[in-house]
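Hello,

I am passing a structure on to you, and my notes follow below it. Please have a look at it before you read on.

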Amino acid sequence: MIHIVVNVGDVMIEVKDLTKEFKKPIRKEGVFGMFKTLFSRKYETKVAVNHINFTIHDGEIVGYIGSNGAGKSTSIKMMCGILTPTGGNVLIDGIEPNKKRKVVASKIGVVFGQKTQLWWDIPLIESFKVLKEVYLVPDEDYKERLEFLSDTLGLNEFMNQPVRTLSLGQRMRADLAASWLHNPKILFLDEPTIGLDVLVKEKIRKAIKTMNQKYHTTVILTTHDMQDVEDLCSRIIMIEKGNIIYDGPLKDIKYRFGDLRTLTIKTKEEYKIEELNTFDNRVSYQENEDSLVLQFNADKIDIKDVIDYCFHKLSASDLKISEISIEDVVKNLLEEAEKC
Ligand SMILES: Nc1ncnc2c1ncn2[C@@H]1O[C@H](COP(=O)(O)OP(=O)(O)OP(=O)(O)O)[C@@H](O)[C@H]1O
């Protein structure tokens, strides 16, 4: 597990009352409907980001979490100056990105996991040389950064290949390197580990950690991979249906639902799930393929009592106890938000 020490410094990102609405033509069904839609003046409004507020400081790594369509990419695009807000504003190191895009571009690096920002047909190293010139990176700095990036991300094995020939894992490493070559103050990473194998994910996490610790890069990380969050982020901001539903330390959110534990057992004993002891509704049961999963709050029940029951009444042959995963916590929070 990678631990991050967060040094809170100057304000890097200030998001105030930020709102984005999209207008979409109201679609009519059928072939004629399609033509009617083309000429229709009727629109519906989709509020993708709804009056959100937060401040991010120099040196933080923040996990920006939410389900599909929650509004993450839309807010990141507004922070980068790609989209103009419908209301409210963003300040990046004191500057409004959609008004001074060039100035802000030198302060930020961006990786959109699904798209590449590299030149498709030229060798990777040539793309880096172009970026060096675009961002006016001094020779010494370029040399030092390229060395760090090559070592941490293992770029040398494909540095001379055209980008179009790179595998997904190689391309993502190359994209991360390209986004950071000018040593931006802030790095926006939208799904940087999507679809990658465990080893490549590890390399990417290690690079992000070093960029943050050694070079003090502030990182906003959007991901559906909870291991990214656990390994890298001390703070998370959760967005759902365009609204911020949680902003705080990762450890606080983990304990928001109490000290939840999961006990997974294997048993050959015949049982009926509805007849198992719930210890006054403090233990819940769920059947999984070949095991029985018990969930309970260790603040409310003695773990020893639950384990005793598993061994003596259910003749457990194998038993594994674990803390609730951040994934389950996020699921619980999202379910809570759904009900509101
Ligand atoms: N250009 C657009 N026009 C109309 N609606 C849009 C546009 N871009 C985004 N939306 C809508 O805004 C909402 C938020 O989308 P957004 O891409 O920000 O979500 P997200 O949290 O990044 O989701 P995902 O994890 O799936 O990438 C969605 O309902 C989406 O359909």
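A word on terms before the findings: two strands count as paired if DSSP finds at least two bridges between them. Helices (H or I, at least four residues) and strands (E, at least two) are DSSP runs, numbered from the N terminus. Please keep in mind that this is a predicted model, where local features need pLDDT of at least 70 and side-chain atom pairs count only at pLDDT 80 or more, while totals for chains, interfaces and linings use all residues. Residue numbers start from 1 along each chain as its sequence is written.

Now to the whole chain. The protein chain has 11 helices and 13 strands, and its C-alpha trace spans about 70 × 55 × 45 Å along its principal axes. Of its 340 residues, 31% are buried, meaning that 20 or more other C-beta atoms, placed from the backbone, lie within 10 Å of the residue's own.

Three strands form an open sheet in the order S2-S1-S4, with antiparallel pairing. Strand S2 (43-57) and strand S4 (87-92) are the edge strands, each pairing on one side only. From one strand to the next, the twist averages 25° (axes are lines fitted to C-alpha atoms, for helices over the stretch in contact, and angles run from 0 to 180 degrees between N-to-C directions).

Strand S1 (residues 11-25) pairs with S2 over 11 bridges in the antiparallel sense. Lys23, for instance, has Thr45 in S2 as its bridge partner.

Best wishes

How values were computed:
A residue is buried if 20 or more other C-beta atoms lie within 10 Å of its own, exposed if 12 or fewer, and partly exposed in between; C-beta atoms are placed from the backbone.
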